[in-house]
Amino acid sequence: MSEGRVQDFNSWRMSNLTVKLDFAGKDLSVKNISGAYLNGVVADRANFSRANLNGANLVQAILNGASFEGADLTGAHLMYTEMKEARLVGVNLTKTNLMWANLQNADLTGSTMSQTVLVEANLKNAKVTGADKAGAYLKYAKLDDTPWFEQVIEKD
């Protein structure tokens, strides 16, 4: 989506905030939807792989089972999102706000979480193997059955 199209969409969205957007199962892979106002969108099982969602507003979105593999979510707003079983493999989550997000059983393998806000996020049973978690802010996050603090032990 071009920058002008995103701006047009955002203008429409601001006038139609009560409209429930339904992108469930849609293929939005490789799309440039940076800065889009997708707050409240229902996008269960949608494909956002390799999409540019830099600075997008996905507050209160329903994204269960959605794939974001290789996507750029830098600076995105994902507060109060439902992202159970979402696939976030290799995703750039730098400066992304995931406060109160439900990431139960999500796969964050190999993702980058520098300055990512995870305050009160639910990360129960999430996969974080190989993720760069340095600088992530975890206050009150639920980490049950998530190996967040496990260190890799090198064998000689």
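Here are legends for several close-up views of this predicted model.

**View 1. Glu69, Arg87 and Asp107 join in a network of salt bridges.**
Start with the pair formed by Glu69 and Arg87, whose side chains meet in a salt bridge at 3.0 Å, N to O. This pair links distant parts of the chain, with both Glu69 and Arg87 in the segment after α1 (3–15) and 18 residues apart. Now turn to Asp107, which forms a salt bridge with Arg87, the closest N and O atoms being 3.4 Å apart. Here too the pair links distant parts of the chain, as Asp107 and Arg87 are 20 residues apart in the segment after α1.

Is Asp107 buried or exposed? Asp107 counts as buried because its relative accessibility is 13%, and the cut-off for buried is under 20%. Glu69 is partly exposed, with a relative accessible area of 32%. Arg87 is partly exposed as well, and its relative accessible area is 34%. For both residues, the label follows because partly exposed covers the range between the buried limit of under 20% and the exposed limit of over 50%.

**View 2. Glu82 and Lys84 meet in a salt bridge.**
The side chains of Glu82 and Lys84 come together at 3.9 Å, N to O. Glu82 is partly exposed at 26% relative accessibility, and Lys84 is partly exposed at 35%.

**View 3. Phe9 and Trp12 form a tilted aromatic pair.**
Searching the whole structure gives three aromatic pairs. In one of them, the ring centres of Phe9 and Trp12 are 5.9 Å apart and the planes stand at 35°, so the pair is tilted. Both residues lie in helix α1, three residues apart, which is about one turn of the helix. Trp12 is partly exposed, with a relative accessible area of 37%.

**View 4. Tyr80 and Trp100 form a stacked aromatic pair.**
For Tyr80 and Trp100, the distance is 4.8 Å centre to centre, with 10° between the planes. Tyr80 and Trp100 each lie in the segment after α1, so the pair ties together parts that are 20 residues apart in sequence. Why does this pair count as stacked? The label applies because planes under 30 degrees apart count as stacked. Tyr80 is partly exposed at 45% relative accessibility, and Trp100 is partly exposed at 33%.

**View 5. The charged end of Lys133 sits over the ring of Trp148.**
How far is the charged end of Lys133 from the centre of the Trp148 ring? The distance is 5.5 Å.

**View 6. Ser29 and residues that it touches.**
Ser29 is found in the segment after α1. Which residues does Ser29 touch, leaving aside those up to four places away in sequence? They are Asn47, Phe48 and Ser49. With a relative accessibility of 17%, Ser29 counts as buried.

Technical notes: Residues numbered from 1 in each chain as written. Predicted model: local features only at pLDDT ≥ 70, side-chain atom pairs only at ≥ 80, totals over all residues. Heavy atoms only, no water. Salt bridge = Lys/Arg side-chain N within 4 Å of Asp/Glu carboxyl O. Helix = DSSP H or I, 4+ residues; strand = E, 2+ residues; numbered from the N terminus. Buried < 20%, exposed > 50% of the residue type's maximum accessible area, 1.4 Å probe, protein only. Contact = heavy atoms within 4.5 Å. Phe/Tyr/Trp six-rings, centres within 6.5 Å; stacked < 30°, edge-to-face > 60°. Lys NZ or Arg CZ within 6 Å of the ring centre and 35° of its normal.
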